[in-house]
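User: Can you walk me through this structure?
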Amino acid sequence: MAFALGRSSSTAILASRSLSSPSPTHFVPLLSLTPAHGNGKKSFGSIRVQGKKERPLVQCNVAAEINTVEQAANLSKESQRPVYPFAAIVGQDEMKLCLLLNVIDPKIGGVMIMGDRGTGKSTTVRSMVDLLPEIRVVFGDPYNSDPEDPESMGIEVRESLGKGEELSVVMTKINMVDLPLGATEDRVCGTIDIEKALTEGVKAFEPGLLAKANRGILYVDEVNLLDDHLVDVLLDSAASGWNTVEREGISISHPARFILIGSGNPEEGELRPQLLDRFGMHAQVGTVRDAELRVKIVEERARFDQNPKEFRESYNAEQEKLQQQISSARTSLSSVQIDHDLKVKISKVCAELNVDGLRGDIVTNRAAKALAALKGRDKVGAEDIATVIPNCLRHRLRKDPLESIDSGLLVIEKFYEVFG
């Protein structure tokens, strides 16, 4: 006896192999399963045997389905692994500042974090999850489409708007997506939906990680070990803000505007200059040398490992204060002004350092405004520029892939020379 299993949800065919002759194998359908729909329950329907009456199968209860988005969100939150609080990170001020500025203004273009192993790079990035603000998205859309910005909308949402349909909008936290080193190109970009192709006979697109990261954060740990073909994909999407997929006769483009955050150890190899330039800012992380600070870090980590829930609760007040600061800075960012003279001096520093392109000028202006907003001011000062300009320019000075990244001293020297 053999069974031919169909993928269709509507009918499953049970077949028997004829054993009467050694001729080529053929299947004879004996019975089929017909689905039945109950109230709140799911059943296998009834058995229909050739030439006989249908016999109902015994209904069986399945796990209760979650009816509301809020219940699903709460369930997901409870099942998540506990994350180390951002406010509990000791030291590493440069890295923390770069991350905060990118959350305030995502158009800065992300941050590359390079430093010694065991310095808390991955822990700090993942701790940002609790601080991420909420955004408006179209409900059920795989691309986290913005209901008000056509540039951040998927094709289906645009078509619905064109027909005058009303969009269901929900508030959700900015998404953080981890890109593992072993990810395939299909998983990153998206591919053909095999299930729909088999069950419905239609070509459909199954979105990948770039779609999930739209309007969110894409984090690549050990980015300097990422395969070259995936680096090329990230470069293309980061440059255009769109991901185009050509797979098995499917051609589709969708928005892929994300904050690209990478971390790595320079001992394992440097990044290509083209990819480095895509990161808005660059943070260097060093090992803490102060013995008292090292002891504090060890003790705090031990407390977290012993009782994560209690440890997180002890930092609730500081976390909430940071969230309010970020929310306030995002709201006031558009009203922050920077004098024309300061803009000219920023561009003069970039020109004299022989920085290729204008990305350095743009990022420095944006980062300085974000820092002023974080401090609660509506005007950028020279001290704001002095704080962010090394992080915005030092990784753009490297022309030869064999050169090491400048520590920022060259940028600071040029800054004081131009700004006086």
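Predicted model: local features only at pLDDT ≥ 70, side-chain atom pairs only at ≥ 80, totals over all residues.

User: Which residues are buried in α16?
Analyst: In α16, residues 409–419, they are Val411, Lys414, Phe415, Val418 and Phe419. Buried means under 20% relative accessible area, exposed over 50% (1.4 Å probe, protein chains only). Helices are DSSP runs of H or I, at least four residues, and strands are runs of E, at least two, numbered from the N terminus.

User: What does the face turned away from the buried side carry?
Analyst: That face of α16 carries exposed Leu409, Glu413, Tyr416 and Glu417.

User: And what do the buried ones pack against?
Analyst: The buried residues of α16 pack against α13 (340–352) and α15 (382–393). Contact means heavy atoms within 4.5 Å.

User: What comes just after α16?
Analyst: Glycine 420, with a positive phi of about 75 degrees.

User: New topic. Which element gives the most to the lining of the second largest pocket?
Analyst: α14 does, with six residues. Others that each supply at least two include β6 (134–138) and α8 (228–240).

User: How do the lining residues divide into nonpolar, polar and charged?
Analyst: The lining of that pocket has 17 nonpolar, ten polar and 16 charged residues. Asp, Glu, Lys and Arg count as charged; Ala, Val, Leu, Ile, Met, Phe, Trp, Tyr, Cys and Pro as nonpolar; the others, Gly among them, as polar.

Technical notes:
Residues numbered from 1 in each chain as written. Heavy atoms only, no water.
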